[in-house]
Amino acid sequence: NMSVSSDNKEPQLDPNDADEAIEEAEEKCDVETILAIINVTTDEARTAANEVDDNTEEKENEWTDAAESALYAFYRLMKSGRVAENTYCTVPYYTYLDPVFSALDAWQHEEAIVEAALGCIVATCNDLDKNGEMLTESDINDLKEHINKCDIIAVIVTKIMPKFTTESSIQEQACLALEALAKSTYSVNTELIELFKHYINNGLIQKQLILARDERITNERNKAYPSRVARVLDISI
């Protein structure tokens, strides 16, 4: 049994017990615990990346499944709409994006986790929009001023899209995540606005969107995704 205190202390967790803890938390719609588990796996990925001994690969891999499972559990909860009913009033859940951003950053070399985390960004932004009227004026101000845990646009545009050039589904998910961030309630975040401007001004977003459209996305219908991002950002590709 795992408990997470209200100040979001991270649970003591063994990678082999993670599945059971995730399942239990999902059944209870306990999104805070699932996010705490995601944070644990993120820390483990970072620790492993910083260690240069012979066991690095092995150590990191033991947390890979837990990270993927926790992100998919979070994704299912966000899609289900149950989270809004349970927690919205106490936790404005744009804050839920931070653990997802951090996971994407820490596990950016793991294809399955990347795909899961990108899906979580889309699901959270969509749910945030559906429940937008529940945000108070002070929530919106907090959201505007919120400092993100990492430069999420750089992670998507300079790390993930150039790395997974042959993975059509990751290119699609990356575009959907960029679109969701740019058009959802989250788009009022001042830092995010500046980041988008920065990567538009240096042409990096346009470059990746063009490559995704012309070379990387294989599904004809989904080749429209990069253009959808361009439209929301008011850029031409």
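**Entry 1: helix H6**

I looked up what the buried residues of H6 pack against, and found H2, H4, H7, helix H9 (152-163) and helix H10 (168-183). Buried means under 20% relative accessible area, exposed means over 50%, and partly exposed is in between (1.4 Å probe, protein chains only). Packing here rests on contact, that is, heavy atoms within 4.5 Å. I then listed the buried residues of H6: Leu97, Asp98, Pro99, Val100, Phe101, Ser102, Ala103, Leu104 and Ala106. That makes 9 of the 10 residues of H6 (residues 97-106), so the helix is largely enclosed by the rest of the structure.

**Entry 2: what I am looking at**

I note that this is a predicted model, in which local features need pLDDT of at least 70, side-chain atom pairs count only at pLDDT 80 or more, and totals for chains, interfaces and linings use all residues. Residues are numbered from 1 along each chain as its sequence is written, and side-chain values use heavy atoms, with hydrogens and water left out.

I checked the confidence, pLDDT, which the predictor gives each residue on a scale from 0 to 100. The chain has a mean pLDDT of 89, and 88% of its residues reach 70 or more. Over residues 1-9 pLDDT stays under 50, and the model has 13 contacts beyond four places in sequence for them. Where pLDDT is low, the predicted coordinates should not be read in detail.

**Entry 3: the whole chain**

I counted elements: the chain has 13 helices and 0 strands. Both are DSSP runs numbered from the N terminus, helices being H or I with at least four residues and strands E with at least two. Of the 237 residues in the chain, 52% are buried. Among contacts with a separation of 6 or more, 76% join residues 24 or more positions apart. The accessible surface is about 11300 Å², and carbon and sulfur atoms hold 44% of that surface. The areas come from the Shrake-Rupley method with a 1.4 Å probe, and for residues only the protein chains shown count as cover.

**Entry 4: Ala117**

I found Ala117 in helix H7 (residues 111-130). Its relative accessible area is 0%, so Ala117 is buried. Leaving out residues up to four places away in sequence, Ala117 touches Leu71, Val100 and Leu104. Ala117 and Ala70 are 47 residues apart in sequence, and their C-alpha atoms are 9.9 Å apart.

**Entry 5: H1 against H4**

At what angle do H1 and H4 pack? For helix H1 (residues 18-27) and helix H4 (residues 64-80) I noted about 5°, with the axes 10 Å apart. The axes are lines fitted to C-alpha atoms, for helices over the stretch in contact, and angles run from 0 to 180 degrees between N-to-C directions. H1 and H4 are therefore roughly parallel, a label for angles under 35 degrees.

On the H1 side I listed Ala18, Asp19, Ile22 and Glu26, which meet Ala66, Ser69, Ala70, Ala73, Arg76 and Leu77 in H4. This contact has 6 nonpolar, 1 polar and 3 charged residues. Nonpolar covers Ala, Val, Leu, Ile, Met, Phe, Trp, Tyr, Cys and Pro, charged covers Asp, Glu, Lys and Arg, and the others, Gly among them, are polar.

**Entry 6: positive phi**

Most residues other than glycine have a negative phi. I found Cys29 with a positive phi near 60°, in the loop between H1 and helix H2 (31-50). Asp234 also has a positive phi near 60°, in the segment after helix H13 (225-233).

Is Cys29 buried or exposed? Cys29 counts as buried at 4% relative accessibility, whereas Asp234 counts as exposed at 70%.

Definitions and conventions:
Angles under 35 degrees count as roughly parallel, over 145 as roughly antiparallel, 65 to 115 as roughly perpendicular and the rest as oblique.
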